[in-house]
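Here is a short briefing to read alongside the model. Have the 3D view open and follow the topics in turn.

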Amino acid sequence: MILSKSIEEVLQTAKIEDVVREFVNLKRRGSNLIGLCPFHQEKTPSFNVSPSRNIYKCFGCGKGGDPANFLMEHEKLSFPEAIRWLADRYQIELEETQQSEEAREAQQQRDSLYILNQFAQEWYARQMWETDPGRSIALSYFKRRGFREDTIRAFGLGYAPQGRDTFTRAALEEGFPLEQLKALGLTTEKGYDFFRERVLFPIHHLSGKVAALAGRIMRKEAKAPKYINSKENEVYHKSKVLYGLWHARSAIRKADLCYLVEGYTDVISLHQSGIENTVASSGTSLTEGQTRLIGRFTPNLTILYDGDKAGIQAALRGLDIALEQNLNVKVVLLPEGEDPDSYLQRVGAQAFEDYLQEQARDFIFFKTEVLLEQSGGDPVRRAEVVREVVNSIGRIPDPIKRSVYLKTCARLLDFDEQLLVRELNQQVHKKLKDRHRQRERAAAPTETGTEQPEEPFAPQEAKPATGHSYQEKDIARILVCAGHLPYQDGEPTTVAEFLLSNIEETLNLFEVALYRHIAEVTLDRLKKKLPLSASFFLQHEDKAIRDFAISVQTSPHSYSENWEKRWDISLQTQKMPEHNFSKDSLLAMQRFKLKKVEQLCRENKDRVEALSKEDPEGELITYLHLQKKLLGIRNALAAELGTVVMR
Ligand SMILES: [Zn+2]
């Protein structure tokens, strides 16, 4: 772990304009700098950098933050990775807590595996460029496919020569240990080269490091599989890597769209033609890890399939996983008999791109139409289609999107929308119930009698259905965004002081651990008379707090309670004025109190009911008085809030 004083030093030294300039062209305007936003498409600059406040802010898409946040957002780094990046840039030596012997060894092991992968990639590339068989077999093969030399170099392609152990001997001579060669799968158990007479495609991690190699066979008569990959190992999990993503990442972000194809050569071909926002799932069907990776750069995924029967069937399968990540999934069927590479070569880049744009079909509508056609009007099969389609829709986390889909699919299926809604609700409730049951099971003591470790703070999973979490989240949001601001203009009391002095004694009533934690952390800060600031939360050592701070600070929205109640899912929709925090904090505090008083009322009422049956101590009268008092408080609070009290 990096020591916090080192983190502070880095953050005090880092200049927002230096960091942003590495990625964005900036022009001076007054005391600020402006440029084209790297996070959304725009023609006139709305991306602002303020050197005096050391932050950036885009008035187009709302993204903003300090130098570390910029790197986390732009380069998709974790917080420690961003700190290391900045420390490198400003030549600051980081002090770290002693790693455990084991952790250090594991890190060294991973580092040395990457070094070996890098060596392998460079060695195989040299075999292609610098040897006769390399040039005549591999280089000429790539050139026949239409790849230019600069493309071949950019993708680090190479050639594994004939011979049992040419590479293995070269690596051993370089001093790499045999067990590492075997660990990466570059050398077989018997000590032979794993890749022989194949052209090689290196697969990169998002960090740009070589994770693995894939080899395509060159000899036609061979019985071996056409493609083989390095085996999975410590630095390569194929379900978490996408081929080409490292090269495609900024193009995907710029276009706000990712194309997914099947083959390595498809990716390279499309990149060379300027369609750089393209990746491949490298042989596996799309995994959750891969859709997450894509979702870090864009919510829009378009998948290219061959236009034959197999392609259509493939398009119907396995895409629900992308819906669950809230991606907007479209499919494009290529003309029959074509793959992306061949079709692109035949029609040229412009026509190819036009085709993609014209033919991209929304996945759910596509699925509905294909299944409907396959059902051939049979009413029983039609009912199955409805269930299938609703099942896909039910996986989309965003309720607004779901209702739009329901409407259109009802029309496509010629089905009453309300019936679809009912079917969907049944499925959603079943899922929630299952999840609830899973949580209960996880919370129960295990069979051996040992307690499960306490659940980590997790805002999304944090009991969305209790009804109180909204108030708690609102308080946490206000503390993070505005805790340091004056509660009233010109007064010394801050929003945090106002809020916490009003609810300090009820912090233990918070139901969601993360929000309580944020309140406690803030209170602790106030008691120690240390300053609060937005960056205090953005750089907090607890990742859950950092994540929460980033999520509420980068979007000026608040949560709509209605949606939350209706769908059990929190959703960011309502815009709110940025400088309305005193009214906001008052409301948040009152709402929180009202909820808690209502809860006390209910508990007391139960007690009164129980006592009214049997009351040996004569306590009933006390609790009746209490009930009256509680109701009075509740009504007063409700009146202040303008809420109609139902009972
Ligand atoms: Zn923007």
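Let's start with helix 21 (residues 469-482) and helix 22 (residues 495-503), whose axes come within 9 Å and cross at roughly 150°. This is a predicted model, where local features need pLDDT of at least 70 and side-chain atom pairs count only at pLDDT 80 or more, while totals for chains, interfaces and linings use all residues. Residues are numbered from 1 along each chain as its sequence is written. Helices (H or I, at least four residues) and strands (E, at least two) are DSSP runs, numbered from the N terminus. Axes are lines fitted to C-alpha atoms, for helices over the stretch in contact, and angles run from 0 to 180 degrees between N-to-C directions.

**Helix 21 with helix 22**
- Helix 21 and helix 22 are therefore roughly antiparallel (an angle over 145 degrees).
- Their crossing is left-handed (the near helix is turned anticlockwise from the far one by less than a right angle).
- I475, I478, L479 and A482 of helix 21 meet V495, A496 and L499 of helix 22; contact requires C-beta atoms, placed from the backbone, within 7 Å.
- By class, this contact has seven nonpolar, no polar and no charged residues (Ala, Val, Leu, Ile, Met, Phe, Trp, Tyr, Cys and Pro count as nonpolar, Asp, Glu, Lys and Arg as charged, and the others, Gly among them, as polar).

**Helix 21 with helix 23**
- Helix 21 also packs with helix 23 (residues 513-527), at an angle of about 35° and with axes 9 Å apart.
- The crossing of helix 21 and helix 23 is left-handed.
- Helix 21 contributes E472, K473, I475, A476, L479 and V480 to the contact, and helix 23 contributes Y515, I518, A519 and T522.
- Seven nonpolar, one polar and two charged residues make up the contact of helix 21 with helix 23.

- Four strands, in the order 6-7-8-9, form an open sheet with antiparallel pairing; strands pair if DSSP finds at least two bridges between them.
- Strand 6 (158-160) and strand 9 (227-229) are the edges, each pairing on one side only.
- From one strand to the next, the twist averages 35°.
- Helix 5 (residues 101-130) packs on the sheet, touching strand 6, strand 7 (198-204) and strand 8, and its direction makes about 90° with that of strand 6.

**Around strand 12**
- Strand 12 (residues 300-305) is largely enclosed by the rest of the structure, because five of its six residues are buried (20 or more other C-beta atoms within 10 Å of a residue's own, with C-beta atoms placed from the backbone).
- Strand 10 (residues 258-261) pairs with strand 12 in the parallel sense over three bridges, and C258 stands opposite L301.
- Strand 12 and strand 13 (residues 328-333) run parallel, joined by six bridges; T302 has K330 as its bridge partner in strand 13.

Terms used:
Parallel < 35°, antiparallel > 145°, perpendicular 65-115°, else oblique. Contact = placed C-beta atoms within 7 Å. Buried ≥ 20, exposed ≤ 12 C-beta atoms within 10 Å, placed from the backbone.
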